[in-house]
Amino acid sequence: MTKSDLVQTLSEKISTLTKKECEVIVDTVFQNMRSALHRGEKIEIRGFGSFTVRVRRAKEGRNPKTGEKVSIPEKRIPFFKVGKELRELVNR
Amino acid sequence: MTKADLVEIVYEKVGGLSKKESQDIVETIFDTMKDILKDGEKIKISGFGNFILRDKRPRKGRNPQTGDDIQITARRVLTFRPSQILKAFINEDKA
């Protein structure tokens, strides 16, 4: 399923909304989830899971081609932990 | 951020919806995603990431408390692969 399939399904399930409105809503939801993670905020969707940001410390690396040392800066990584309900649902 | 916060954001930013409608649609988004994943299908949200199902074979494990050998059963697990866009975005400097 892609985002546009999700929009299509929503517009079929919720008859009072047009497809265009569903698209705007779905985009609003994911855009604001992105912004929350950008702020370093945790997102908790009960029954689904939670999204957090993990920080990878800066470290020294090496260019595998030349063997030269390179410094790899600190990096933030989005992380998803599946909720109990969904974990059990997919494993059935 | 919780689901209730997302409901509030949808209510404020998307015009013409009641609180109830905003709540219903946010619930329906996550319920639909759950149904799809339950049926074993992956979900690709461009600009956000992919929710992927992986089938794990049974493997040997150990009870860390007692040291007993146990069998970890075959299972299907859900993983999230963030999109390049999301990964780049959360590393951008805050405006």
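B:K38 is partly exposed, with a relative accessible area of 37%. In this predicted model, the side chain of B:K38 meets that of B:D35 in a salt bridge, at 4.0 Å from N to O. B:D35 is also partly exposed, at 35% relative accessibility. An α-helix has 3.6 residues a turn, so residues three or four places apart point the same way.

Stay in chain B for a second pair. The side chains of B:R76 and B:D55 meet in a salt bridge, 2.9 Å from N to O. B:R76 belongs to strand 5 (residues 75-82) of chain B, and B:D55 to strand 2 (residues 49-56) of chain B, so the pair ties together parts 21 residues apart in sequence. B:R76 is partly exposed, with a relative accessible area of 27%. B:D55 is exposed, at 56%; the cut-off for exposed is over 50%.

A:R39 forms a salt bridge with A:E41, and their closest N and O atoms are 3.0 Å apart. A:R39 is partly exposed at 47% relative accessible area. A:E41 is partly exposed as well, at 30%. Over all chains, the count comes to 11 salt bridges. Side chains of opposite charge can pair when their charged atoms come close.

Now turn to the sheet in chain A. It is an open sheet of 3 strands, in the order 1-2-5, with antiparallel pairing. Which strands form its edges? They are strand 1 (43-45) and strand 5 (75-82) of chain A, each pairing on one side only. From one strand to the next, the twist averages 25°.

Look at how strand 2 (residues 49-56) of chain A meets strand 5 of chain A. The two run antiparallel, and 8 bridges join them. Take A:F51 as an example: its bridge partner in strand 5 of chain A is A:F80.

Chain B contributes helix 3 (residues 84-91), which lies across strand 2 and strand 5 of chain A. Helix 3 of chain B runs at about 125° to strand 5 of chain A.

Next, find the loop between strand 4 (69-72) and strand 5 of chain A. A:P73 has its place there. Is A:P73 buried or exposed? A:P73 counts as exposed because its relative accessibility is 60%.

Finish at helix 1 (residues 3-13) of chain A. Here A:L6, A:V7, A:L10 and A:S11 are buried. Seen down the axis of helix 1 of chain A, its buried residues fall within an arc of 130°, so they line one face of the helix. What do these buried residues pack against? Their partners are helix 2 of chain A, together with helix 2 (19-38) and strand 1 (43-45) of chain B. The buried residues of helix 1 of chain A therefore line one face, and they pack against elements of chain A and of chain B.

Methods: Residues are numbered from 1 along each chain as its sequence is written. Chains are lettered from A and ligands numbered from 1 in the order in which they are written. This is a predicted model: local features need pLDDT of at least 70, side-chain atom pairs count only at pLDDT 80 or more; totals for chains, interfaces and linings use all residues. Side-chain values use heavy atoms; hydrogens and water are left out. Two strands pair if DSSP finds at least two bridges between them. Helices (H or I, at least four residues) and strands (E, at least two) are DSSP runs, numbered from the N terminus. Axes are lines fitted to C-alpha atoms, for helices over the stretch in contact, and angles run from 0 to 180 degrees between N-to-C directions. Contact means heavy atoms within 4.5 Å. Buried means under 20% relative accessible area, exposed over 50%, partly exposed in between (1.4 Å probe, protein chains only). The arc is that of the directions from the helix axis to the C-beta atoms.
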